[in-house]
Amino acid sequence: MTFFPYAIAAWLLIVGLYGVVTSKNYIHLAICLAVLQSSTYVLLLAIGYKVGAGPPVFDTVPPGTPAVDPVVQALMLTDIVVEATVVALLLALAVQAHKHTGTLDPDKMQELKG
Amino acid sequence: MNTILAPLPVVIALGTAAILAALNKFLPRRAADALAAMATITVGGISLQLMRLSSIQPIVYWFGGWTPRAGMALGITFTIDPIGAGLAAFTSVLVLAAFVFSWHYFDSVGTHFHVLILVFLGAMCGFSLTGDLFNMFVFFELMSAAAFALCGYKVEEAGPLQGALNFAVTNTIAAFVVLSGIALLYGRTGALNMAQIGRALGDDSSALVVVAFTFITAGFFVKAAIVPFHFWLADAHAVAPTPVCVLFSGIMVELGLYAVARVYWAIMDRPFATHGPALSGLLLTVGTITAIVGGLMCFGQRHIKRLLAYSTISHMGLMTIGFALLKPDALAGAALYVVGHGLVKASLFLVSGILLHRLRTIDEIELHGRGRDLWGTAALWVFAGLGLAGLPPFATFLGEAAIEDTATKHGQGWLWVVFFLSAVLTAGAVFRVGGRIFAGWGRDEDVETGGAQKIEEEPETTDVAEHPIPAVMFAPAAVLAVLALAVGLIPGVRHAVQTGVTYMADGAGYQARVLDHAWLPVAPPPLEHVFPLSSIIRAVAATICAFGLAGFALSPWWPRRQPRWNPLKLTMLGLRKLHSGHVGDYVALLTLGVAAFGVALSVLIKLGF
């Protein structure tokens, strides 16, 4: 396994975090969070990948043929479901925020501090 | 034999939530109330029974009968010991109190509130009972998603939206960090079952394991509101509906710490066996900082729910100290403290909900002297405040004494100072609020908090405030506070908790139970009936000092203007600046915190501690 996919996972983590930290818009922020989350997808898939291995389906090939790890793929699917829920919720909150305060900018939401 | 009970707390809670959601249109409000309360009582009863059974012999339940073959765990397990089951039972108690209290709440909105709370309950039960790391992550996310929605329940106001957004973004990032840690452990061991990860790791404490542990710990510490991961908590608590605050402060944040303790004892106690002092020292530092920062910020608030939220942060620091000693007896102290603090804090939040219901505001300064005729409420507030200060025989005192006792035995005798300061600051703030509202002492302008922001909060109830306080609001608050005292008076409660902790803090026994169907009995801890007199004296002294601080803050002698160079004033100014309410700042500090935690842990290990 090369080091390349892990570098991509780290890169996605960093740009996602950068986007969240500097975001001026809650919709943009939710999407940055999705980018951040894709780093976990890449990480999980990279961990289960094997060079030269096929998909983990054994109806045409005999059992025992090298295959990539299906467990991490299942984890990743669960992860996507979780992500969909959270992003949907964040977008709903962003819509409400826009409706009631007229802004999507975190800098302008100054209700709570100190 | 009775293990069929194991999945039921989760099944019943989630099942009832689904039924209520489906019948939303047809079910009268009171029927929904009754159904939700009955489900909660059932979940609590089953959890108690699980606790009783597992204290005789811990339970391992395999879903679908996928038991391990030749020491390889393929299925998902609920690995139940008295601590996990006890947390599930305790969750049910608080959820029931929240349901009873909200009898008069949210008249117009159907059953969504009940559905969300029941999902929250099911997720928290699953989180406490599971023995599978990925399963734990899923319950963590389920619990978070329900909590985000509950926090932003009052979507018509700007405050709740900001609080919910801050809460959702920081905790979601925390979940990714945990997931990355889990992925790294899976990459190393090929396992997700905690027992199997632990066995496969052996005493491997390579860099990868340290990084994975850092990710998992830091991620769960966000939920546990440990400094510098705590910023979301005060925002979320200040704006969430009162019954939801009860669950957030009373049990949800504590579960974050529980997860760290569970992962440590099931997986990491052998890898870290030789690096105990490094980890312990780091966690003690973090816990101490959390306790002090939370205490200072608590005293500097005028919004009562925000004040209580910062008190929770301070007390989370104390519980972290209990875990940080990495000794079963101290962990038992932390467990007792969770129960004592949860009951007392829930009671205080409910009283603040009564104030919001009756007096239509929750701002300390605006409420000056307006609670003069609320005698019962005043008595309850002070009574719960005594519990917060850790006065014997409240359960908080038992926990504190057990932690201090263990700390002294292991050469960390100074830790009582942290407990003392936290108690004086948080209980002092609570007594100050009580004196101002119920007795009308002090000035009706803000001088003590040094410029805390006033936060608007709309009343949560619609019916007229003229009537006496409804029993359904007062009774849960009173019962919870009395329970906090009663738990402390049960003979042998400390020993029972210590016995429960021996199962949790026994990594080898845990692995044998799950993977080999083998039951390695552990020797019960020796019975100790008495606490050192010094603990009692300190706790009483802390309570008196808290009264003194509150009295001083309300007296004419409290300086109106501190000199500019006053170090305490400068510290408070700096802390306030950090708590900016800006989600980007919080995430930046969270990222720095994770990195700092990992670097500090690696350096301490490299230095050979």
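User: Is B:Ser314 buried or exposed?

Analyst: Buried means under 20% relative accessible area, exposed over 50%, and partly exposed in between (1.4 Å probe, protein chains only). B:Ser314 has 0% relative accessibility, so B:Ser314 counts as buried. This is a predicted model, where local features need pLDDT of at least 70, side-chain atom pairs count only at pLDDT 80 or more, and totals for chains, interfaces and linings use all residues. Residues are numbered from 1 along each chain as its sequence is written, chains are lettered from A and ligands numbered from 1 in the order in which they are written, and side-chain values use heavy atoms, leaving out hydrogens and water.

User: Which residues is B:Ser314 in contact with, leaving aside neighbours within four places in sequence?

Analyst: Contact means heavy atoms within 4.5 Å. For B:Ser314 the partners are B:Thr290, B:Ala291, B:Gly294, B:Gly295, B:Ser422 and B:Thr426.

User: How do the axes of helix α11 and helix α21 of chain B cross?

Analyst: Helices are DSSP runs (H or I, at least four residues), numbered from the N terminus. Axes are lines fitted to C-alpha atoms, for helices over the stretch in contact, and angles run from 0 to 180 degrees between N-to-C directions. In chain B, the axes of α11 (residues 276-299) and α21 (residues 567-578) come within 11 Å and cross at roughly 95 degrees. Angles of 65 to 115 degrees count as roughly perpendicular, and α11(B) and α21(B) are therefore roughly perpendicular to each other.

User: Which residues meet there?

Analyst: From α11(B), B:Val293, B:Leu296 and B:Met297 meet B:Leu568, B:Met572, B:Leu575 and B:Arg576 of α21(B).

Methods
Helix = DSSP H or I, 4+ residues; strand = E, 2+ residues; numbered from the N terminus. Parallel < 35°, antiparallel > 145°, perpendicular 65-115°, else oblique.
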